[in-house]
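Here is a short tour to follow with the structure open beside you.

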Amino acid sequence: MDKDIVLKVENLNVAFGEEKVIEDLSFDLKEKELLVILGPNGAGKSTLLKTLLGLIPYEGKIQWKNSVHIGYVPNEFIIPDNLPLNLREFFQFKKDSPEKIYKALEWVGIKSSDKILEKKLYALSSGQLRRTLIAWAMSDDPDIIFLDEPMLFIDIHGRETIYDSLTRLWEEKNQSIILVSHEVGEVCKKADKVLALNKIKLFYGPPKEIITPQNLAKIYGSPISL
Amino acid sequence: MDLQFLYSLIVGIFIGGVAGYLGSLMITKRMALVGDALGHAALPGIALALIYGFNPSWGAIPALFLGILVIWFFEMHTKLPMEALTGIVFTASVAIAFLFLPESQVSNALIGDISKISLSDTIFSVILSIIVFLILKKIFSKMILTSISEDVARVEHIDTKKYNFIYLVCIAIVVALGIKVTGSLLMGALVITPAAAARNMASNLFQYSFGALIIGVISCVLGILLFKVFSLPAGPFVILSATSIFLISLIFKKQ
C-alpha cells in the first residue's frame, strides 16, 4: 500500500442474506483527502461506511494504514427521552479535558461557555446536536472522520453552518473525511473525489468529472439541477 | 437495637443502593421491566431454597445465571428484542416453580422475608453489593454510550457484547440479592422506582445515578423501619417508600 494511502478497498461485497447491498467495490482514500459518497436511498452508502468501520461482515479486502484513529458521526443518534446527559459528561466519555471540549465546540461554531456544557443533549436542536456530534467525533484528533448524512433533518440555515464547519475543518485541520451525502453542494465540489454508488460503483473520480447533469441523472434516476 | 434488625438494615442499605444505581442504567437501556421479569425467573431457585431450607439468594443466583445465559444465547442467535426473550424465559420459570413450590411458601417466595438474616448473609450481601457497584461504576459511561448508539460505541473500541454480558450478570446478582428484601414479585420496583424518581430530579448523569442510589437506600431504610414498627413484611413497605419518593419527585421534576 502506498505511503499516503490511509484506506484501500478491493472487491468489496456486502450482502444481507440473499440481498446484495454492495457489489465488487474498489476505491482508496489518501491522507487529507475529502471523499464524498453520493447515491439514492438504499444505494448502500451507510452500509459501506459501517462496513469500513468493521460493524458489518463483508467479503473482499479492506486495508487500513497502521494505527489509524477514526471519528464517526452516524446518521441516527437518538438520545433516550429525558436522559439527563449533558455536554460535559458526553465529552467526558472520551476523557476530554474542558479545554479540548471548548476547542472542539468552537470548531463547529458553538460558542463555548460553562452554560453550554451543562446543557442536556436531548434539549439541543437537531442542528446543534449534529454539530455537537461532529465536535465530539473530532475532539480527540482522529486521522479520519466518517460522516453519515450530517444534514439529515437539518433546515437550510443549519446545513450552511454545518457545511461551513466541515469545510473549515477539512481545510484547516487536514484530516481525511469520508462524507455520505445526498447533496451536490459546495462541499461536494470541493471534494478530492466523489464516489457515486448504487449498490455497484457508478462513478469514481474528481468532482469536476463526476458532477455533471448527465451523470447525476444516471445516479438518481431523474434530472438534477446544479 | 436487636442484632437481627441491624443485619436487616445493613443488608437493605447496601442492596437498595446498588439496585437504585443499576436501575439508572436499566431505564436508559429501556429494560425497566427486565428486573421484574428476572425476579420471576429466579423463582425455581428460590422454591428449591425454601423447600430445602437454605438462603433464597443462594437458590436464586444459579437460576438467574441460567436464565441470563439462555436470554443472552437467544439474543445472539435471534433478532428478537431482549424484552421479548426475557418474557419467554421468565414465564417458563414461573411455570416450573409453581409445579413444585409448596403453597405455604408462596408468600415468602413472592414478597420476601428480611426477618431471618444471619451475619454471614449480611457479610455476603455487603461484599457482593460493593463488588457489583464498583463494576457498574466502571462500565457506566460505556453502557450509556452503547444504549444511545451501539455503532458509535463499537467505533470507540467498546466491546459491546462483553459489556452487555457483564451488565446482565450484574443484573442477575442484584436481583438475587434484592429478592431477600422484596421477594420476586416486587423486585423490579426496587430497581426501577428509585431510578425513575432520580431521573425526574437530576440535572446530569452523576445526579441521576447517585440520586437513584441514595433513593434506593432511603427506600430500604424507611421500609425496614416500618416493618419493625408494624410487624408486616418489609418488601411492600420498601416499595411503597420508593413509590412515595417517586411521587414527591414529580413536584421537583426538571423540564
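In which loop of chain A does A:Lys32 lie? A:Lys32 sits in the loop between strand 2 and strand 3 (34-38) of chain A. Please keep in mind throughout that this is a predicted model.

## Two residues with positive phi

Most residues other than glycine have a negative phi. A:Lys32 is not a glycine, yet its phi is positive, at about 65°. A:Lys32 counts as partly exposed because it has 17 C-beta neighbours inside 10 Å, and a residue needs 20 or more to be buried.

Chain B has a residue of this kind too: B:His157, a residue other than glycine, has a positive phi near 65°. B:His157 is found in the loop between helix 8 (150-155) and helix 9 of chain B. Is B:His157 buried or exposed? B:His157 counts as exposed, because 8 C-beta neighbours lie inside 10 Å and the limit for exposed is 12 or fewer.

## The open sheet of chain A

Chain A holds an open sheet of three strands in the order 2-1-4, paired antiparallel. Its edge strands are strand 2 (19-30) and strand 4 (59-64) of chain A, each of which pairs on one side only. From one strand to the next, the twist averages 15°. Helix 1 (residues 45-52) of chain A lies across strand 1, strand 2 and strand 4 of chain A, and runs at about 120° to strand 1 of chain A.

How many bridges join strand 1 of chain A and strand 2 of chain A? Eight bridges join them, in the antiparallel sense, and within this pairing A:Leu7 has A:Leu29 in strand 2 of chain A as its bridge partner. The hairpin of these two strands has two residues between the strands, and A:Gly17 takes a positive phi near 65° there. Strand 1 (residues 5-16) of chain A also pairs with strand 4 of chain A, over five bridges in the antiparallel sense. Here A:Asn13 stands opposite A:Glu59, and A:Lys8 stands opposite A:Gln63.

## A parallel pair and its surroundings

Strand 5 of chain A and strand 6 of chain A pair in the parallel sense over four bridges, with A:Gly71 opposite A:Ile145. In a regular strand the side chains alternate between the two faces of the sheet. Strand 5 of chain A is covered on both faces: A:Ile70 and A:Tyr72 are buried on one side, and A:Gly71 and A:Val73 are buried on the other.

A:Pro142 touches A:His69, A:Ile70, A:Gly71, A:Ala137 and A:Gln175, leaving aside residues up to four places away in sequence. A:Pro142 and A:Val68 are 74 residues apart in sequence, and their C-alpha atoms are 7.7 Å apart in space.

## Helix 5 of chain A

Helix 5 (residues 126-138) of chain A has 13 residues, so at 1.5 Å a residue it should span 18 Å. Its end C-alpha atoms are 18 Å apart, in agreement with that figure.

The buried residues of helix 5 of chain A include A:Arg130, A:Arg131, A:Leu133 and A:Trp136. Which elements cover the buried residues of this helix? Among them are strand 5 (70-73), helix 2 (87-92), helix 3 (98-107), strand 6 (144-148) and helix 6 (156-173) of chain A.

## Helices of chain B

In chain B, the axes of helix 1 (residues 3-28) and helix 9 (residues 160-201) come within 6 Å and cross at roughly 65°. The crossing is right-handed. By class, the contact of these two helices has 21 nonpolar, six polar and two charged residues.

Further along chain B, B:Phe210 has its place in helix 10 (residues 205-230). B:Phe210 is partly exposed, with 17 other C-beta atoms within 10 Å. B:Phe210 and B:Ala198 are twelve residues apart in sequence and 8.3 Å apart in space, C-alpha to C-alpha.

## Where the chains meet

Finally, the interface: 16 residues of chain A are in contact with 18 residues of chain B. On the side of chain A that touches chain B, twelve residues are nonpolar, two are polar and two are charged.

Terms used: Residues are numbered from 1 along each chain as its sequence is written. Chains are lettered from A and ligands numbered from 1 in the order in which they are written. This is a predicted model: local features need pLDDT of at least 70, side-chain atom pairs count only at pLDDT 80 or more; totals for chains, interfaces and linings use all residues. Two residues are in contact if their C-beta atoms, placed from the backbone, lie within 7 Å. Ala, Val, Leu, Ile, Met, Phe, Trp, Tyr, Cys and Pro count as nonpolar, Asp, Glu, Lys and Arg as charged, and the others, Gly among them, as polar. The expected span of a helix is 1.5 Å times one less than its number of residues. Axes are lines fitted to C-alpha atoms, for helices over the stretch in contact, and angles run from 0 to 180 degrees between N-to-C directions. A crossing is left-handed if the near helix is turned anticlockwise from the far one by less than a right angle, and right-handed if clockwise. Two strands pair if DSSP finds at least two bridges between them.
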